[in-house]
Amino acid sequence: MSQKEMSAKVEPFAAVKGMNDILPPDSARWEWLEDKVRSLMGLYAYRNIRTPIVEPTALFERGTGQSTDIVEKEMYSFEDKLNGESLTLRPENTPGVVRAAIEHNLTYAGGQRLYYMGPMFRHERPQRGRYRQFYQLGAEALGFSGPAVDVEMMLLVHELFANLGLRNVRIELNSLGLPVERQAHRVALITYFEQQLELLDSEAQRRLHTNPLRILDTKNPAMQALVQQAPQLLNYLGDASLAHFDTVKTLLSSCGVRWSVNPRLVRGLDYYSHTVFEFLTDELGAQGALCGGGRYDGLFELLGGKPTPAVGWGMGLERVLELIKTQGQGSRVLVPDAYAVIADASAMAVALQTLQALRAAGVSVQMHAGGAAALGSMKSQFKKADISGARYALIFGPDELAQNAVTVKSLRDGSGAQVIQSLADVASWAPTLQSRT
Ligand code: HAM
């Protein structure tokens with residue numbers, strides 16, 4: 001780079017389109033949500049799994065499916081410079097979890113219940129609720145074939161939404177049966193659509209022979225009548241598949257969970273069989289799918305493992321947080337209990353020691369930090385205490401120092417009340433400052 005180029009004014013950088021910074025105070029909401037998730041997962045005995053963000057491209061081509069939108073057009077893939085292998089930023093994590101389960105033989109001694117939280121990447125057109133990097137919470141139960149686990153999976157989501165105070169979330173269910181049942185339905189579907197080719201849009205014509213089931217998912221208003229009349233997969237299911245589906249519905253109802261069957265719910269990924277479901281809201285515009293999942297009994301074998309039944313879901317955390325905000329639950333901002341106002345450098349050692357003692361007693365304290373030369377006037381420090389949202393100011397001034405004490409000033413109740421507290425027994429008055437349990 002030439003000297004001239006080096007000294008040219010640098011344009012500030014911006015985040016990649018569709019990828020967001022999560023900043024305070026919003027990040028406090030994320031942490032609050034993540035804490036809720038972790039404690040609920042503990043109650044359901046689901047354990048955390050962390051897999052790499054980068055996986056071989058072939059894993060998604062085979063697992064997610066060649067004819068899905070994800071694999072056809074949304075993956076961030078690149079070549080490993082050393083060996084030329086094609087790698088991909090994970091667009092979803094079910095294939096990654098199954099890869100890890102096979103690689104480490106996780107189900108050798110029975111089933112595994114797992115969950116993960118982390119970023120996923122899809123090259124979609126960004127809009128509200130749809131991003132190119134987004135966070136998913138996912139749960140996968142591996143090695144259980146009965147309908148009860150499908151229900152447990154949905155209860156988990158239902159309970160999480162209840163814990164978060166969310167309202168008006170509905171559950172749609174469908175069954176995609178077994179591959180052979182889908183094959184018979186596929187033939188009928190292709191025949192039906194072939195007879196009405198002129199009514200299919202270009203997307204549907206393209207999908208007719210690769211993934212006709214997805215045509216049922218179309219949002220095109222001009223095709224709604226056509227897909228309404230199309231052969232329904234539920235009519236092609238055998239007795240065992242219907243019995244599985246019926247048990248899921250009955251058990252959900254017995255747990256007081258409301259659901260409706262949407263025979264056109266097909267999900268956008270290729271690995272599903274039997275139960276599929278989505279949790280939806282009408283309050284977020286076009287991106288109303290909060291959570292989607294289902295059974296994927298064939299995926300282990302498809303990825304080179306032993307036959308292993310499995311069921312799971314993924315949830316878009318940006319969408320969940322957006323709904324929390326929309327429904328007025330979003331005022332949760334973390335603020336410190338106290339802000340330490342420090343008169344000058346001679347009080348610093350005492351202040352630092354006192355703050356450590358307060359934190360050890362569970363009080364959250366923000367220390368005033370000034371410039372290299374001076375801490376700033378008391379007035380400016382009080383301004384910062386106010387901005388911090390803290391309920392108390394702790395004043396370390398010369399008078400206090402002389403008495404081995406600190407003044408605790410109330411900032412939020414309008415009283416401005418002040419009490420002098422002794423530094424000899426911090427633990428005895430610390431609980432009066434604490435707002436957390
Ligand atoms: P999915 O339906 O593709 O399923 O994604 C699950 C959820 O992730 C969606 O319901 C939505 O809330 C969120 N989501 C998807 N794409 C975006 C985006 N571009 N921006 C923001 N949020 C998004 C799966 O990914 C499967 N792995 C779920 C699963 C797990 N099935 C079985 N196990």
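1. Helix α6 has 17 residues and reaches 24 Å from its first C-alpha to its last. That is close to the 24 Å expected at 1.5 Å a residue; the expected span is 1.5 Å times one less than the number of residues. Helices here are DSSP runs of H or I with at least four residues, strands are runs of E with at least two, and both are numbered from the N terminus. After α6 comes G165, with a positive phi near 80 degrees.

2. On provenance: this is a predicted model, where local features need pLDDT of at least 70, side-chain atom pairs count only at pLDDT 80 or more, and totals for chains, interfaces and linings use all residues. Residues are numbered from 1 along each chain as its sequence is written, and side-chain values use heavy atoms, with hydrogens and water left out.

3. Which residues of α6 are buried? They are P147, V149, D150, V151, E152, M153, M154, L156, V157, L160 and F161. Buried means under 20% relative accessible area, exposed over 50%, and partly exposed in between, with a 1.4 Å probe and protein chains only.

4. The largest nonpolar core has 86 residues. Such a core is a set of buried Ala, Val, Leu, Ile, Met, Phe, Trp, Tyr and Cys residues joined through side-chain atoms within 4.5 Å. F193, W313 and M315 have the most contacts inside the largest core. Helix α6 gives the most to this core, with eight residues. A second, separate core has 20 residues, among them L355, L358, F396 and W429.

5. Helix α7 (179-194) has 16 residues and reaches 22 Å between its first and last C-alpha, close to the 22 Å expected. Its buried residues are E181, R182, H185, A188, L189, I190, Y192 and F193. Their cover includes α9 (224-228), α10 (239-254) and β9. Leaving aside neighbours within four places in sequence, F193 is in contact (heavy atoms within 4.5 Å) with L200, L208, P212, I215, L216, L226, V227 and A230.

6. The second largest pocket has a volume of about 610 Å³. A pocket is an open set of points on a 1 Å grid over the protein atoms alone, where a 1.4 Å probe fits, with protein on both sides within 12 Å along at least five of seven lines; lining residues have an atom within 4 Å of a point. Grid points are joined across faces, edges and corners, and the volume is the space filled by probe spheres set on them.

7. Which residues lie nearest the centre of the second largest pocket? They are R182, L213, D270, Y271 and Y272, out of 30 lining residues. The largest share of the lining, six residues, comes from α7. At least two residues each come from α3 (57-63), α7, β9 (273-280) and α11 (299-302). By class the lining has 12 nonpolar, 11 polar and seven charged residues. Nonpolar covers Ala, Val, Leu, Ile, Met, Phe, Trp, Tyr, Cys and Pro; charged covers Asp, Glu, Lys and Arg; the others, Gly among them, are polar.

8. R214 sits in the loop between α8 (202-207) and α9. R214 is buried, at 12% relative accessible area. Beyond four places in sequence, R214 touches D69, R207, V266, R267 and G268.

9. Q112 is in strand β5 (residues 112-121). Q112 is buried, with a relative accessible area of 13%. Its contacts, not counting residues up to four places away, are R47, L106, T107, E140, A141, L142 and F144. Q112 and A310 are 198 residues apart along the chain, yet their C-alpha atoms are separated by 9.5 Å.

10. P336 is in the loop between α12 (317-326) and β12 (338-342). Is P336 buried or exposed? P336 is buried, at 12%. Neighbours within four places aside, P336 is in contact with S364, Q366, S388, G389, A390 and R391.

11. Some backbone points to check. The peptide bond from P24 to P25 is cis, with omega near 5 degrees; P25 is in the loop between α1 (3-7) and α2 (26-43). A45 is not a glycine, yet has a positive phi of about 60 degrees. A45 lies between α2 and β1 (47-48) and counts as exposed at 52%. N404, also not a glycine, has a positive phi near 50 degrees. N404 lies in the loop between α15 (398-402) and β15 (405-410) and is partly exposed at 42%.
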